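Here's a quick tour of a protein chain, from the overall fold down to a single side chain. Have the structure open while you read.

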Amino acid sequence: SWLRRTGMFLSKEWLWPRTVMQRSRVACNKMTFCTVLKKLHCWKCEAPLQTPPAFFCPACLVIQPLDENINFFDIMDCEISFALDVRKLQKRYMHLQRSLHPDNFSQKTQQEQEYSESQSALVNRAYRTLLKPLSRGLYMLELEGMKLEGDPGCGLSLEFLQDILEISERLAETQSQEEASDIWHFVRGKLENLIGEINKSFSEGDLNRAKVLLAEMKYFANIEEKVKDKVSQIQ
């Protein structure tokens, strides 16, 4: 049966290692807050769950509701690092989707079907976010309470912005596929260099520097997409 197959699949240590202890912020008095550990249980059989992410109950193997407090790195079983192992990320994604895909729950209860859809959607969102360096870096900033939105300049120099303007104008004016290709290679080189610099900034804990570099990466990534559009127009 599907339940038996899922049980065999979920018995692997990487999917559920330890008992879930969820941190909850509760009022200790009128002036202070304290953090307590709240043990989570299966919604159906009430057995204690495993360390987040607890997708299934280890006792009855029933799918569990979405935990919106868990971060994408935990979902994908990756360390919080800009230089994550993409191959490991992809492998984890395929394992989770085979287990959580809504097609597996077509004969289950409405509640289980809804849990499957929400869990599968969360895994998709986590995978897409962590797969690409730009979205991964922006998410890491978000985990630290920092965002590019609301900070238009982001510490970017006037010289950098002028360079971006010149590249954009050159791209807009060109009608040569060869020149568009040259621009693409130039932009790709910039993006590769930025990946190394951003990784170094995160490794050293320099979040402000990482924020500036990610803002630069966002500009170059935007130009890269425009180059692709330009090449298709010229063809």
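## The whole chain

First things first: this is a predicted model. The protein chain has 8 helices and 2 strands, and going along the sequence they come in the order α-β-β-α-α-α-α-α-α-α.

Of the 235 residues in the chain, 37% are buried. The chain exposes about 14200 Å², with carbon and sulfur atoms supplying 49% of that area. If you look at contacts between residues at least 6 apart in sequence, 60% of them join residues at least 24 apart.

## Helix α3

Helix α3 takes in residues 86-100, so to speak 15 residues by the DSSP run. From first C-alpha to last, α3 reaches 21 Å, close to the 21 Å expected at 1.5 Å a residue.

Which α3 residues are buried? The list is L89, R92, H95, L96, Q97, S99 and L100.

## Q119 in helix α4

Helix α4 covers residues 110-131, and Q119 is found there. Is Q119 buried or exposed? Its relative accessible area is 2%, and the cut-off for buried is under 20%, so Q119 counts as buried.

What does Q119 touch, leaving aside neighbours within four places in sequence? Its contacts are A54, F55, I63, Q64, P65, L66 and L100.

Note on methods. Residues numbered from 1 in each chain as written. Predicted model: local features only at pLDDT ≥ 70, side-chain atom pairs only at ≥ 80, totals over all residues. Heavy atoms only, no water. Helix = DSSP H or I, 4+ residues; strand = E, 2+ residues; numbered from the N terminus. Expected span 1.5 Å × (residues − 1). Buried < 20%, exposed > 50% of the residue type's maximum accessible area, 1.4 Å probe, protein only. Contact = heavy atoms within 4.5 Å. Areas by Shrake-Rupley, 256 points an atom, 1.4 Å probe, with all protein chains shown as cover.
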